[in-house]
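We will then walk through it together, one step at a time.

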Amino acid sequence: MTNLEYIKYARKEKLIKYFFLWPALIILLFLIAYPFIMLIYYSFFNFSFLRPVNTKFIGFKNYVNILTDTYTWERFIFTFKYVALAVSIQFILGILIAHLLQSEFRGREAVFTIVLMPMMLCPVVVGLFWKYMFNTEWGIMNYFVHNVLGFNQVEWLGTERNSLWATIIADTWMWTPFMILLSSAAFSSIPKYLYEAASVDRASNFFKFTNITLPLSAPILILALIFRLMDAMKQFDLVYTLTGGGPGDATQTVSFTLYKTAFQYFYTGEGSAWAFILLIIIIGLSSILIKILNYLSERNR
Amino acid sequence: MARIRLENLKKHYGKVKAVDDISLDIQDKEFVIFLGPSGCGKTTTLRCIAGLEAANGGNIFFDEKRVNDLEPADRNIAMVFQFYALYPHLNAYKNIIFPLKAEKMSSHEIKKKVMWVAELLRLEHTLNRKISELPDGDKQKVALARAIVRNPEVLLLDEPLSALDEKFREQMRIEFLKIQKALSVTTVYVTHDQREAMTLADRIIVMKEGKIIEVGEPEKLYEEPKNLFTGYFIGSPGMNFIACRAGEEGNIITEGNATIHFSKAVQKKVKDISIEKFIFGIRPEYLYFSKTIMKEGNYLKVKIINQETIQQIQYGNFYLGNNLYKCLMQDSESAGSVERYVVFHDEKIRFYDPESGEIL
């Protein structure tokens with residue numbers, strides 16, 4: 001190939017590259033970058049989607065309004081409480097069940113598949129059928145509590161405390177399988193000879209679990225935790241169908257509040273500010289965990 | 001300290017008999033080496049002793065105690081694995097103290113033990129380093145330190161040198177010998193490298209296809225292998241095994257119809273051999289080229305094909321029939337198609353039964 005031919009060829013290559021690249025980039029820009037920029041933009045206006053007239057630039061007023069409102073802090077406290085409880089229960093339960101599933105027994109694969117099923121359902125569906133199961137009069141949970149255990153019927157979705165736990169139970173039911181799946185993957189990637197070495201070194205099963213299994217699977221476990229935290233912080237659909245945020249505002253998560261602000265009251269500007277605050281919190285939390293993750297991966301290398 | 005006794009030990013994987021009914025007595029403080037080609041069952045035997053594999057039959061005794069049903073942790077053994085099996089998330093120091101921590105030893109005791117073992121293996125400078133940063137030789141040293149730090153009754157080593165470079169091997173071999181003598185711990189070592197076995201072992205156990213072929217001191221196995229396989233496997237180059245039949249006057253006729261002339265004493269021995277075809281075995285190191293024949297000596301006339309140097313020693317190759325054999329070569333000897341006599345001493349001659357492989 002002569003120089004000139006080569007240059008021509010390279011130019012053509014470049015064109016083809018862009019030809020393939022741009023459609024995807026345009027779609028991405030349109031679907032992610034544009035809304036994101038608009039979100040930040042609107043968060044500085046008293047803009048309402050339904051009442052576009054009289055839109056004014058108000059600076060940080062939306063943020064100030066949100067952050068100085070005690071209602072906001074109640075919503076955040078509830079959300080953090082819910083996330084902390086639900087995710088830590090799922091985390092511990094997932095690790096324990098995955099550990100149990102490591103041992104060989106008949107029908108292990110079948111059990112594994114069944115255990116993973118809840119994760120495959122849509123959160124809205126999960127919320128709906130847990131709503132039926134939690135029904136005070138004819139739900140199966142109360143049938144169990146009342147007719148089998150002999151306690152009084154529980155108002156699962158009726159009180160503030162109960163509905164928090166009802167949400168946690170439904171969420172745990174749905175997302176523990178995710179922790180099981182990732183924990184299992186982490187556990188089975190640990191080479192068998194390390195356990196053999198540990199057996200010879202007279203380590204008990206508990207010592208092996210705490211000194212080999214957990215530290216070596218920590219990076220994946222932390223990764224799973226990050227996924228779950230990010231997802232739980234944004235919890236909306238399950239709460240929407242299960243409790244509708246009730247009773248009152250008791251189970252209204254930050255996302256739910258955001259939804260109500262933006263799409264029920266149509267305070268689009270304030271809703272945008274909400275969304276941005278939530279985003280910052282999630283990025284902050286994740287970056288702390290990613291630091292930990294990097295440290296652990298480095299250590300295990 | 002412990003004596004190990006294997007009694008009709010069997011380990012099968014489906015139809016494959018990895019360990020096929022072996023019995024063996026290992027003395028207290030003895031250094032024994034299981035030697036054999038890959039797949040001969042030596043590692044499986046070791047893993048059965050360790051308790052990492054459950055035997056399908058037979059018994060394993062440590063002293064008078066049957067240990068078949070004991071967990072590895074309850075056997076007071078330590079093991080060094082082929083690929084170190086070090087804990088990657090812990091540094092060298094924490095790897096070494098792992099068995100001590102598992103035993104909940106006091107931190108004061110732990111420190112003393114580590115100082116002792118680090119000094120013994122000259123590991124002081126590596127203690128705080130990450131495993132992935134250590135050179136292979138040091139990795140295996142750390143693994144050895146982890147194994148002996150607890151003063152186990154039995155030390156098991158599964159091909160501990162095969163993952164190392166040649167330069168580390170030499171060093172580690174010396175290390176093993178020193179440690180074994182210093183601790184006087186009963187040691188079972190598995191290898192496929194006959195040189196390792198020859199330099200380290202008190203006794204070598206030669207294995208093949210799940211069975212013990214022969215047990216003995218290294219010199220004994222080298223000098224007088226009771227089995228063709230031992231002669232072939234031990235020593236480099238291996239023993240010359242020449243298929244032959246009895247000829248006139250107690251001499252023998254080899255493949256390719258050459259005649260080996262024997263001295264009177266050997267001729268008498270050959271006449272006593274009852275089977276028609278047998279195998280004449282002699283180590284290349286005990287064969288010499290000569291231009292003349294000594295009276296009353298053993299000799300065979302051959303043509304030297306070429307010469308070959310194995311571990312700094314020169315050998316001349318010659319054909320009998322279609323097979324190549326080796327003979328020690330003096331420096332003065334010229335190579336390439338010359339006719340010579342091969343001469344050798346009476347006491348180095350061995351005869352084997354080709355059917356059973358056993359010595360006659």
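Predicted model: local features only at pLDDT ≥ 70, side-chain atom pairs only at ≥ 80, totals over all residues.

Let us begin with chain B as a whole. Its secondary structure consists of 9 helices and 20 strands. Taken along the principal axes, the box filled by the C-alpha atoms of chain B comes to roughly 75 × 45 × 35 Å. Of the 360 residues in this chain, 42% are buried. If you look at the contacts in chain B with a separation of 6 or more, 67% of them are between residues 24 or more positions apart.

Now bring chain A into view and look at where the two chains meet. Here 16 residues of chain A are in contact with 18 residues of chain B. Which helices of chain A supply at least two residues each to the side that touches chain B? They are α8 (192–200), α9 (205–233) and α12 of chain A. Among the contributors, α8(A) gives the largest share of this side, with 6 residues.

With the overall picture in place, we can turn to the backbone. As a reminder, most residues other than glycine have a negative phi, and most peptide bonds are trans.

You will find Phe266(A) in the loop between α11 (254–263) and α12 (268–300) of chain A. Is Phe266(A) buried, exposed or partly exposed? It counts as partly exposed, because 14 C-beta neighbours lie inside 10 Å, and a residue needs 20 or more to be buried but 12 or fewer to be exposed.

Next, move to chain B and find Glu209(B), which also has a positive phi, about 50°, without being a glycine. Its place is the loop between β9 (203–208) and β10 (211–216) of chain B. Glu209(B) has 14 C-beta neighbours inside 10 Å, so it counts as partly exposed.

The last stop concerns a peptide bond. Which two residues of chain B does a cis peptide bond join? They are Ser236(B) and Pro237(B), with omega at about 0°. To locate Pro237(B), look in the loop between α8 (228–233) and β11 (240–246) of chain B.

Key:
Residues numbered from 1 in each chain as written. Chains lettered and ligands numbered in written order. Helix = DSSP H or I, 4+ residues; strand = E, 2+ residues; numbered from the N terminus. Contact = placed C-beta atoms within 7 Å.
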